[in-house]
Amino acid sequence: MLTTEDFDFDLPEELIAQTPLKERTSSRLLVMNRQTGELTDKHFYDIIDYLNPGDALVMNNSRVLPARLHGEKVETGAHLEILLLNNTVNDEWEVLIKPAKRAKVGTEISFGDGRLKAVVKEELDHGGRIIDFKYDGIFLEILESLGEMPLPPYIKERLEDPDRYQTVYAKENGSAAAPTAGLHFTKDLLAKIEAKGVKLVYLTLHVGLGTFRPVSVDNIAEHEMHSEFYSLSPEAAQTLNDVKANGGRIVAVGTTSIRTLETIGSKFDGKIQADSGWTNIFITPGYEFKVVDAFSTNFHLPKSTLVMLVSAFAGREQVLAAYQHAIEEKYRFFSFGDAMFIF
């Protein structure tokens with residue numbers, strides 16, 4: 001039985017990256033051969049050397065919403081902080097509210113001098129709320145003007161440029177957190193990768209805040225995974241099937257792309273089909289990968305489901321050894337940190 005403690009490591013706080021680097025591609029890249037465990041220190045722009053003509057590079061094009069709103073109770077003027085999680089139906093959203101005790105059913109909330117209003121409709125089991133927004137105009141435009149980027153709790157610095165918490169190919173609105181493995185790419189690097197003969201393929205998985213939720217049980221098999229919405233188009237599925245048929249590799253960018261591809265592979269007996277829906281797949285050591293052949297990913301939190309996923313692909317002991325190497329070499333960790341490429 002694997003326990004949560006089996007995925008723990010000591011991370012010096014100063015290695016948690018607080019701000020993005022000036023140049024996206026200048027992040028460091030720790031390359032790991034999972035067959036041998038060999039590690040090579042590179043820079044992210046070197047990733048092109050590990051991609052072959054005929055491979056597919058699969059990226060998550062979800063865009064982060066400016067999902068943190070500051071409002072006040074209409075009745076008392078008390079401050080409330082709202083974090084949008086999921087658009088459930090029409091203008092109703094699942095949200096987290098701080099302080100939650102101030103947000104009973106029926107509470108009216110005003111944002112931005114009344115440009116946006118909401119009413120609490122329902123209290124949820126996990127402490128969240130369903131709220132119904134009222135506004136004139138286009139919701140996303142109002143959100144862009146009133147909302148803030150919902151940076152992860154371990155980032156204390158203010159983000160000067162909100163675009164640095166978006167990938168350069170972000171397109172589909174809906175994430176509460178960025179698919180951070182993609183933050184290292186520039187349009188120029190992607191053009192060079194494509195010119196090498198690598199297929200660029202996009203899917204969508206809207207990242208929920210459950211991605212930061214700590215594992216609170218000892219036995220990892222008892223952990224309840226959060227659900228996230230994903231979508232893979234017929235064109236993308238066809239490209240991936242063609243790549244597989246011609247002997248190319250499916251190279252995923254980030255754990256969100258991996259979870260989407262493996263959800264579909266698990267659902268259709270290892271085959272890739274166009275699909276959309278909700279996934280709560282929890283990939284841990286012992287899982288047999290059905291679609292993904294290699295991937296890039298950032299360095300993740302100790303005892304997190306993401307470290308468990310990476311360990312399922314490359315072996316727990318090898319991954320923890322790689323993390324120890326990264327710590328000794330002072331790699332930068334988490335959302336704005338450096339990356340790994342595992343093949």
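A residue counts as buried when its relative accessible area is under 20%. By that rule, both R259 and E228 are buried. The model described here is predicted. A search of the whole structure finds eleven salt bridges.

**The R259–E228 pair**
- The side chains of R259 and E228 form a salt bridge, with N and O 2.3 Å apart.
- This pair joins distant parts of the chain, 31 residues apart.
- R259 sits in helix α4 (residues 254-267), while E228 belongs to strand β13 (residues 228-232).
- Side chains of opposite charge can pair when their charged atoms come close.

**The E123–R129 pair**
- E123 and R129 form a salt bridge, and their closest N and O atoms are 3.9 Å apart.
- E123 is partly exposed, because its relative accessible area is 37%.
- R129 has 5% relative accessibility, so R129 counts as buried.

**The K267–D275 pair**
- K267 forms a salt bridge with D275, the closest N and O atoms lying 3.0 Å apart.
- K267 counts as partly exposed, because its relative accessibility is 47%.
- D275 reaches 14% relative accessibility, so D275 counts as buried.

**T167 and its surroundings**
- T167 lies in the loop between α1 (139-146) and β11 (172-175).
- The relative accessible area of T167 is 6%, so T167 is buried.
- Its side chain reaches the backbone nitrogen of A170 at 3.1 Å.
- Leaving aside residues up to four places away in sequence, T167 touches R24, N60, P179, G182 and L183.

Notes
Residues numbered from 1 in each chain as written. Predicted model: local features only at pLDDT ≥ 70, side-chain atom pairs only at ≥ 80, totals over all residues. Heavy atoms only, no water. Helix = DSSP H or I, 4+ residues; strand = E, 2+ residues; numbered from the N terminus. Buried < 20%, exposed > 50% of the residue type's maximum accessible area, 1.4 Å probe, protein only. Polar contact = N/O pair within 3.5 Å; in protein donor to acceptor, adjacent residues only side chain to side chain. Contact = heavy atoms within 4.5 Å. Salt bridge = Lys/Arg side-chain N within 4 Å of Asp/Glu carboxyl O.
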